[in-house]
Amino acid sequence: MNKKRIIIVPLTILVLIGCANKQDGNDSKIALMKKTDPPPIELVDNPETDSYGHAIKREISKMKELYDVAVIQGKEETLVVYKVKHLQRFHMKKIEKKMDRYLEDKYPDEDFILSSDYKIFLETIRLKEKLKKGSIPKKDAEKKFQDIVKLQKEKT
Amino acid sequence: MGKSPKTPEQKKYEQLEKQYETKRPLLKNVLKAFFVGGFFCLIGQVITYIFIYFFNFTEQTAGNPTVATMVFISMLLTGFGVYDHIGQFAGAGSAVPVTGFGNSVISAAIEHKTEGYVLGVGGNIFKLAGSVIVFGVFSAFIVALIKTILIQLGVI
Amino acid sequence: MLQGSRSWVFPTHPAILSTGVVGGPFEKKGNLASDFDQFYDDLWMGQDTYEKANRTLIEDAVQIALDKQSLQKSDVQFFLTGDLINQITPSSFAARTNGIPYFGLFGACSTSMEGLALSAFLVNYHGAQHVVTGASSHNSATERQFRYPTEYGGQKPPTAQWTVTGAGFAVIGEGKSVTAPAPRVTSATIGKVMDMGLKDPFNMGGAMAPAAADTIAGHFQDLGRDPSYYDLIITGDLAKIGRRTAVEMLKEKGYNFPDHQFKDCGLLIYGENQPVQSGASGPGCSATVLYGHLLNEMKKGTYKRILVVATGALLSPLTFQQGETIPCIAHAVSIEYM
Amino acid sequence: MLAMFFWAFTVGGIICVIGQLLFDVAKLTPAHTLSLLVVAGAVFSGFGLYEPLIDFAGAGATIPITSFGNALVNGAMQESQEHGIVGVLTGMFEVTSSGISSAIIFGFIGALLFKPKG
């Protein structure tokens with residue numbers, strides 16, 4: 001009798017949490033599960049001259065340790081989020097260092113924030129979907145982007 | 001410390017007794033520990049993802065609420081008298097995960113309630129878990145001290 | 001009367017007049033449930049601590065034993081008992097309740113026979129008309145005293161034993177007070193403390209077996225008897241491991257027992273499907289089995305003469321943590337139905 | 001993500017197996033075993049091996065008690081980078097406070113709510 005109760009209580013909590021979920025798009029629902037391959041987001045003022053989000057995405061995606069890359073190019077800094085193939089996760093630090101060096105060499109004037117965190121990836125996809133649906137104006141997007149950056153910098 | 005050498009008679013008896021002693025079922029115990037311990041960690045991973053997905057936690061920061069949730073589950077299982085049965089079945093499988101740490105604290109707290117909240121609960125709550133904290137802190141102190149000195153000397 | 005080096009013979013044959021046996025919920029599901037006088041369905045027994053619950057067991061068992069003989073507490077001269085909890089407080093507190101002059105005994109799980117031997121001696125030599133003796137233990141109180149909090153999820157190895165929740169008490173009276181056949185205490189052999197250097201507190205049976213073997217052999221030597229004198233030799237709480245080891249040790253000393261002649265209280269009390277690992281233990285184990293099941297069997301005629309050997313491991317949580325070995329003791333009392 | 005679940009299960013299970021072997025083969029008490037595992041976690045952390053294991057196995061490495069040693073070392077190291085040797089002393093509980101504080105809090109609540117079942 002007790003045992004049943006103990007299984008049921010957490011299950012109910014889980015279901016309740018599941019139902020309370022905000023309306024996520026298709027991509028964010030599966031963002032943790034598999035490859036989503038999102039197009040980069042560019043929040044720059046004059047995309048014609050300053051845009052390089054696509055280029056970064058293309059180049060970073062070539063790294064064989066990764067299987068999914070998302071890029072947000074903000075006004076001042078650029079966020080690169082990536083998912084590492086599972087068996088390569090032992091070497092996450094090395095991969096990050098390698099990427100950092102590569103980007104610093106290639107775009108010495110830009111600030112980069114690198115993250116392999118699922119949460120950051122998820123939030124990136126959510127932002128992308130909101131922009132696509134048009135439910136969020138561009139200037140709010142920059143603020144949202146700053147929120148993601150702040151989240152990334154939080155330690156434990 | 002009672003370390004007097006064994007007499008020949010005692011040695012002989014020890015051999016005799018060994019023949020009749022029920023052996024611990026090692027393989028069975030190891031398998032049970034593996035599956036139950038793995039299951040606890042799996043639950044932990046599920047909770048981590050729930051915190052990442054539905055709350056504002058990153059992989060880095062989700063660890064703390066996950067641990068707290070696991071300890072909470074451990075409190076329920078201990079309070080309803082289930083955890084000691086899991087422990088008898090799984091051995092290290094339920095002792096090594098943080099739920100086991102929680103169980104050792106919570107079971108001591110519940111048990112010593114009869115001696116009052118201050119002397120009983122307060123005085124005995126770390127009766128079992130205290131050694132883990134003491135050795136954890138002291139070994140961490142030594143490790144961190146050595147590492148810090150090495151860093152300051154420029155060795156690493 | 002002293003016979004041999006450490007045995008008493010009781011020429012007046014003090015009789016076990018009546019008994020009271022009380023158990024807990026786990027014992028109710030056991031093999032010997034029909035031999036108990038009363039059960040509690042809750043380990044707390046209506047008290048707010050397990051230690052008080054242990055005391056309640058004692059008070060109830062004593063009352064039942066007295067009621068069966070229609071005796072008043074004032075008819076009893078002495079009360080001899082002990083248990084496992086800190087400074088045997090449940091026993092002493094129960095003695096406060098019943099107001100009978102009291103000897104507190106500690107012999108761990110051997111307390112039951114220590115008490116019975118002393119009671120028979122007192123009665124035999126006119127030190128008392130009626131003595132109440134027995135022993136008790138409470139599983140949860142013992143767990144927390146000797147091991148871990150009851151809700152702690154530690155794994156017990158298959159050598160561990162399950163402490164009985166129960167109390168068995170008997171009124172011992174002068175032999176001449178009953179003319180009809182009754183279970184009578186005819187002799188007793190007092191054990192010496194044996195230490196074979198075992199340290200594992202989860203293997204009490206293995207540690208206690210040498211003490212049992214020594215006392216049994218001593219009993220036969222002192223009284224010039226051999227195993228065929230008894231229908232049954234029953235040890236207190238050696239459980240599976242200790243019983244096998246003790247039988248083997250006695251074989252080496254030249255005493256052979258067929259299986260049905262050498263039993264153990266710790267193996268009788270619980271059913272096969274109860275998760276007690278090696279078997280039962282605790283002062284309440286030999287006390288409830290003897291004063292309940294065995295005396296009933298004697299009255300039915302199954303056994304005429306039995307030798308009860310209660311074994312005790314004289315350790316404390318402190319000595320175990322300080323790395324000391326486990327000293328053990330066993331006392332034998334011979335009970336004959338005549 | 002599914003790979004993560006698999007490795008959490010496996011790595012967590014293996015750490016528990018090590019604990020079980022310490023119980024059954026080395027015949028250690030639970031307290032000795034857990035203390036030993038915590039010390040092992042701290043030492044692994046000192047060599048920088050525990051963080052990669054967490055990257056790889058997630059909860060499989062953070063849920064076993066070994067991670068407690070790792071977190072203590074991490075806290076001490078974080079502080080020592082800012083305050084030098086003194087930080088080693090003061091930063092110890094920076095990271096691990098959640099396990100201990102939640103155990104105390106839930107332990108106390110448990111004592112208020114429950115009685116031992118025996």
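Me: Among the five pairs of chains that touch, which pair has the most contacts?
Reply: Chains B and D have the most contacts of the five touching pairs; contact means heavy atoms within 4.5 Å. This is a predicted model, in which local features need pLDDT of at least 70 and side-chain atom pairs count only at pLDDT 80 or more, whereas totals for chains, interfaces and linings use all residues. Residues are numbered from 1 along each chain as its sequence is written, chains are lettered from A and ligands numbered from 1 in the order in which they are written, and side-chain values use heavy atoms, without hydrogens and water.

Me: How many residues of chain D are in contact with chain B, and how much area do the two chains bury between them?
Reply: On chain D 68 residues are in contact with 65 residues of chain B. The two chains bury about 5700 Å² between them, with 79% of it on carbon and sulfur atoms. D:Phe9, D:Ile63 and D:Phe114 supply 13% of the area that chain D buries against chain B, more than any other three residues. Buried area is the accessible area (1.4 Å probe) that two parts lose on being put together, summed over both.

Me: Which chain has no contact with chain A?
Reply: Chain C has none with chain A, and their closest C-alpha atoms lie 15 Å apart.

Me: What makes B:Arg24 and D:Asp24 a salt bridge?
Reply: A salt bridge needs a side-chain nitrogen of Lys or Arg within 4 Å of a carboxyl oxygen of Asp or Glu. The N to O distance between the side chains of B:Arg24 and D:Asp24 is 3.2 Å, so the pair meets that rule. The count between chain D and chain B is one salt bridge.

Me: Why are A:Glu59 and A:Lys106 said to tie together parts that are apart in sequence?
Reply: Their closest N and O atoms are 3.1 Å apart, in a salt bridge. A:Glu59 lies in helix 4 (residues 53-61) of chain A and A:Lys106 in helix 5 (residues 92-106), so the pair ties together parts that are 47 residues apart in sequence. Helices are DSSP runs (H or I, at least four residues), numbered from the N terminus.

Me: Is A:Glu59 buried or exposed?
Reply: Buried means under 20% relative accessible area, exposed over 50%, and partly exposed in between (1.4 Å probe, protein chains only). A:Glu59, at 15%, is therefore buried. A:Lys106, at 43%, is therefore partly exposed.

Me: Why does the pair of B:Glu111 and C:Arg144 join two chains?
Reply: B:Glu111 and C:Arg144 form a salt bridge, with their closest N and O atoms 3.6 Å apart. B:Glu111 lies in helix 6 of chain B and C:Arg144 in helix 5 (residues 139-146) of chain C, so the pair joins two chains. Both residues are buried.

Me: Which residues of helix 4 of chain B are buried, and what puts them on the same side?
Reply: In helix 4 (residues 83-90) of chain B the buried residues are B:Tyr83, B:Asp84, B:Gly87 and B:Ala90. They lie on the same side because they cover an arc of only 140° around the axis, an arc taken over the directions from the helix axis to the C-beta atoms. An α-helix has 3.6 residues a turn, so residues three or four places apart point the same way. The buried residues of helix 4 of chain B pack against parts that include helix 2 (26-54) of chain B and helix 1 (2-24) of chain D.
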